Amino acid sequence: MDYTAFTVRGFVDETASPAPVPGGGGVSALAGALAISLGDMVGELTVGKKKYAGVEGLLRSLMARSIEIKERLLQLINEDAENFAPLAEAYAVPKDAPGRDELLEQCLKTAAKGPQEIFDLCCEVIDILEIFGENGSTLMISDAATGASLARGALMGAAVNVKVNTRLMKDRAYAEKVEAGIGAKLSVYEEKANVIFEKVWQRF
C-alpha cells in the first residue's frame, strides 16, 4: 500500500484506525518531510531578492538537498510499514517453534532500520533549518521555527521507534551500539531544534 498517495484526511484516519501501520515510524517520517518542506519554502521565498543575494548560492544548495531529504522521508513512510509486517508475523509464530528466536531477531533489526534512517535524516533537517532560520527572509523565518519544532518531534519519535525494537534484541552488543549512537545525537539535536525556535521567537 502506498501511504503517500492518501489524502491528508485519509492518512490521519488510517493512522487512527486499528491497523498497526502507519505508526510512529511512518508518522515521524511524514513530520520530518513536512519540516524540511517548510525550510524549502523559506528558501523559495528568499532567493531572487536583492537583499539576500549574498546567501542565494547557499540557500539554493540547501533547497536542492531539502527536496532529496523530503523524497527519501516520504519513501520511508512505506518502507517502515513494509519492514514492520514480517515482525508482526514473527510474533505470531509459536514460542516453541524451531528458529523463532533467530527469525524474531532478524525482524527486529529490520524493523529498526527505517526509524534509524528517519532519525539521521531529521538531524540533517534540523541542521538545514538552522541555516534557513539564520539566513532566510525575515518574513518567513517563523516557518523555519515551525519546521524545527516538527523536526524535533520527528526526531524523538524516530528515536523511540528504534528503541522499542532494540530493547528486545538478544544481540545486546548490536542493540547497545545502535542505542548509543541514537542517544549521543538525540539530546544534541533536540536542544538545537529548541535553540532554532528560541532564536526566531526572540527576533519578533
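Modeller: Gladly! Let us begin with surface: accessible areas come from the Shrake-Rupley method with a 1.4 Å probe, and for residues only the protein chains shown count as cover. Here the chain exposes about 10,400 Å², and carbon and sulfur atoms supply 59% of that area. This is a predicted model, where local features need pLDDT of at least 70 and side-chain atom pairs count only at pLDDT 80 or more, while totals for chains, interfaces and linings use all residues. Residues are numbered from 1 along each chain as its sequence is written, and side-chain values use heavy atoms, with hydrogens and water left out.

Colleague: How many helices and strands does the chain have?

Modeller: Helices (H or I, at least four residues) and strands (E, at least two) are DSSP runs, numbered from the N terminus. This chain has 6 helices and 0 strands, so its pattern along the sequence reads α-α-α-α-α-α. Its C-alpha trace spans about 70 × 35 × 25 Å along the principal axes.

Colleague: What share of the residues in the chain is buried?

Modeller: Buried means under 20% relative accessible area, exposed over 50%, and partly exposed in between (1.4 Å probe, protein chains only). Of the 204 residues in the chain, 41% are buried.

Colleague: Is K95 buried or exposed?

Modeller: K95 is exposed, with a relative accessible area of 74%. You will find K95 in the loop between α3 (56-92) and α4 (100-135). From K95 to A173 there are 78 residues in sequence and 24 Å in space, C-alpha to C-alpha.

Colleague: And which residues is K109 in contact with, leaving aside its neighbours within four places in sequence?

Modeller: Contact means heavy atoms within 4.5 Å. With those neighbours left aside, K109 touches M169, D171 and Y174. K109 belongs to helix α4 and counts as buried, at 17% relative accessibility. For the chain, residues 24 or more positions apart account for 76% of the contacts with a separation of 6 or more.

Colleague: Over the face of which residue does K109 lie?

Modeller: A charge sits over a ring if NZ of Lys or CZ of Arg is within 6 Å of the ring centre and within 35 degrees of the ring normal. K109 lies over the face of Y174, at 4.5 Å from the ring centre.

Colleague: How many aromatic pairs does a search of the whole structure find?

Modeller: Rings of Phe, Tyr and Trp (its six-membered ring) pair if their centres lie within 6.5 Å; planes under 30 degrees apart count as stacked, over 60 as edge-to-face and the rest as tilted. The search finds 2 aromatic pairs. In one, Y3 and F6 have ring centres 5.5 Å apart and planes at 45°, so this pair is tilted. Y3 counts as buried at 8% relative accessibility, whereas F6 is partly exposed at 27%. F197 and W201 form a stacked pair, 5.9 Å centre to centre with 20° between the planes.

Colleague: Why are F197 and W201 separated by about one helical turn?

Modeller: Because they are 4 residues apart in helix α6 (residues 172-203). F197 is partly exposed at 33% relative accessibility, and W201 is exposed at 54%.

Colleague: One last thing: where is P22 found?

Modeller: P22 is in the loop between α1 (8-15) and α2 (24-44). The peptide bond from V21 to P22 is cis, with omega near -5°.
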